[in-house]
Amino acid sequence: KELGEPSHATALDYLINKYNWSKDESSINIYAGSNENAHLSNFAIRPFTINVETPTGELTKTFQSVEQAFHYYKTIVANRPDIANKIMETTNGGALKSLTSRNNLPMTFEQIKEWDDTSKSVMLNLMYDSFLQNESAARRLLETGSALLTHKRGNVEQDNGRFSEGIMLVREMLQDDNEGEKRLKKKLEESSYTYFEKIINN
């Protein structure tokens, strides 16, 4: 099953065309802060194991949540193994954000650019792996069918739609696992824009 037509320029264009964003009755909001379908959020405990490329070599790491893994990757880009170790000691969202804040995790211009270019594809890969390795969680995501998945606090979409965009793409990849896995073998070094374009256009 293909995720879209080549005419769609970006993943967001694809999702806008696929879903009727004005129909609230067909949408499901995912927001851990208000405990709305928190089991599908990046803060949910869904242990998964992956290989992580670090400056000192490849490591096999088991993360408890996507959020934990996401912040761990940020410390790798910043080359701060000391903070990476602290990341592995908590799954608390506030603590994770604090550990990788500008004050605690200063980054060079080059590191910031690398993280900006890769963070979206990093998140997509982590989300996919977390569901792929947790069958019950994957089943619950697939049970949302074709509903529009949102990430709203109140009535305002958060993170510029990045999470909503990502989890709907992950859901479609899980619906056709072989194709999804093949598409997600792209290098994390690719820019998020290019990465998502390739998912849509391949």
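Colleague: What does Asn 79 count as by relative accessibility?
Modeller: This is a predicted model, where local features need pLDDT of at least 70 and side-chain atom pairs count only at pLDDT 80 or more, while totals for chains, interfaces and linings use all residues. Residues are numbered from 1 along each chain as its sequence is written, and side-chain values use heavy atoms, with hydrogens and water left out. Asn 79 sits in the loop between H2 and helix H3 (81-87), helices being DSSP runs of H or I with at least four residues and strands runs of E with at least two, numbered from the N terminus. Buried is under 20% relative accessible area, exposed over 50% and partly exposed in between (1.4 Å probe, protein chains only), so Asn 79, at 46%, is partly exposed.

Colleague: What is phi of Asn 160, roughly?
Modeller: Asn 160 belongs to the loop between strand E6 (156-157) and H7, and with 80% relative accessible area it is exposed. Asn 160 isn't a glycine, yet its phi is positive, about 55°.

Colleague: Which way does H2 run relative to H5?
Modeller: Helix H2 (residues 66-77) packs on H5 with the axes 9 Å apart and an angle of about 150°, using lines fitted to C-alpha atoms over the stretch in contact and N-to-C angles from 0 to 180 degrees. Under 35 degrees is roughly parallel, over 145 roughly antiparallel, 65 to 115 roughly perpendicular and the rest oblique. That makes H2, relative to H5, roughly antiparallel.

Colleague: And how many nonpolar residues are in the contact of H2 with H5?
Modeller: On the H2 side you'll find Val 66, Phe 70 and Tyr 73, among others, while the H5 side includes Trp 115, Val 122 and Leu 126. Taking Ala, Val, Leu, Ile, Met, Phe, Trp, Tyr, Cys and Pro as nonpolar, Asp, Glu, Lys and Arg as charged and the others, Gly among them, as polar, the contact has three polar and two charged residues, and the number of nonpolar ones is ten.

Colleague: What are H5 and H7 to each other in orientation?
Modeller: Their axes come within 10 Å, and the contact draws on residues including Met 123, Met 127 and Phe 131 of H5 and Phe 163, Ile 167 and Val 170 of H7. By class, that contact holds twelve nonpolar, two polar and three charged residues. The axes cross at roughly 45°, and H5 and H7 are therefore oblique.

Colleague: What arc do the buried residues of H6 cover?
Modeller: In H6 (residues 135-142) the buried ones are Ala 137, Ala 138 and Leu 141. Their cover includes helix H5 (109-132), strand E4 (148-150) and helix H7 (162-175). They lie on the same side of H6, because the arc, taken from the directions from the helix axis to the C-beta atoms, is only 100°.

Colleague: Zooming out, what share of the protein is buried?
Modeller: The secondary structure comes to nine helices and six strands. Of contacts between residues at least 6 apart in sequence, 64% join residues at least 24 apart. Out of 202 residues, the buried share is 47%.

Notes: Contact = heavy atoms within 4.5 Å.
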